[in-house]
Amino acid sequence: PRLAWAFWGFCHRTYREAEPHPGYALVRDWAERAPLGSFGFTSNIDSHWVRSGWDEAHLVEVHGALRWLQCSVPCGPEA
């Protein structure tokens, strides 16, 4: 388990420190000009869409995101 947690710690730190590349902003700009609106659906867990300015109300991070604590069992009133 220690090696697995060390690997996850490395991945988590790398995701948090990485900056979104310019393509995220380009797609966001296209979406903002879409006459009928837009939404994003991503399997990325690095939150680069949010960090590049994407409106969270129009974004689905289907696998979750590192920035959120997610319980494996109900752990609060919203769960």
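Residues with over 50% relative accessible area count as exposed, those under 20% as buried, and those in between as partly exposed. All views show a predicted model.

**View 1. Salt bridge between E19 and R51.** The side chains of E19 and R51 meet with N to O at 3.4 Å. The pair links distant parts of the chain, 32 residues apart: E19 belongs to the loop between α1 (2-17) and α2, and R51 to helix α3. E19 is exposed because its relative accessibility is 61%, over the 50% limit. R51 is partly exposed, at 35%. The structure holds three salt bridges; the views of E19 and of R28 show them.

**View 2. Salt-bridge network of R28, D29 and E32.** In the bridge between R28 and D29, the closest N and O atoms are 3.0 Å apart. R28 also forms a salt bridge with E32, at 3.6 Å from N to O. Helix α2 holds both E32 and R28, which are four residues apart, about one turn of the helix. Through shared partners, the salt bridges join R28, D29 and E32 into one network. R28 is buried, with a relative accessible area of 17%, whereas D29 is partly exposed at 30% and E32 is exposed at 57%.

**View 3. The largest nonpolar core.** Six residues make up this core: Y24, A31, W49, V50, W54 and L59. Helices α2 (22-32) and α3 (48-51) each give two or more residues to the core. Beyond its neighbours within four places in sequence, W54 is in contact with V27, R28, A31, S38, F39, G40, W49 and L59.

View 4. Residues up to four places away in sequence aside, T42 touches W49, L59, V60, E61, V62 and H63.

**View 5. Nonpolar surface patch.** The patch is formed by F39, F41, V60 and V62, which together have about 420 Å² of accessible area. F41 is placed in strand β1 and is exposed, with a relative accessible area of 57%.

**View 6. Backbone at S47.** S47 is a residue other than glycine with a positive phi, near 65 degrees. The loop between β1 and α3 contains S47. With a relative accessible area of 6%, S47 is buried.

Definitions and conventions. Residues numbered from 1 in each chain as written. Predicted model: local features only at pLDDT ≥ 70, side-chain atom pairs only at ≥ 80, totals over all residues. Heavy atoms only, no water. Core = buried A, V, L, I, M, F, W, Y, C linked by side-chain atoms within 4.5 Å. Buried < 20%, exposed > 50% of the residue type's maximum accessible area, 1.4 Å probe, protein only. Contact = heavy atoms within 4.5 Å. Patch = residues over 30% accessible without salt bridge, like charges linked within 9 Å, V, L, I, M, F, W, Y side chains within 5 Å. Areas by Shrake-Rupley, 256 points an atom, 1.4 Å probe, with all protein chains shown as cover. Salt bridge = Lys/Arg side-chain N within 4 Å of Asp/Glu carboxyl O.
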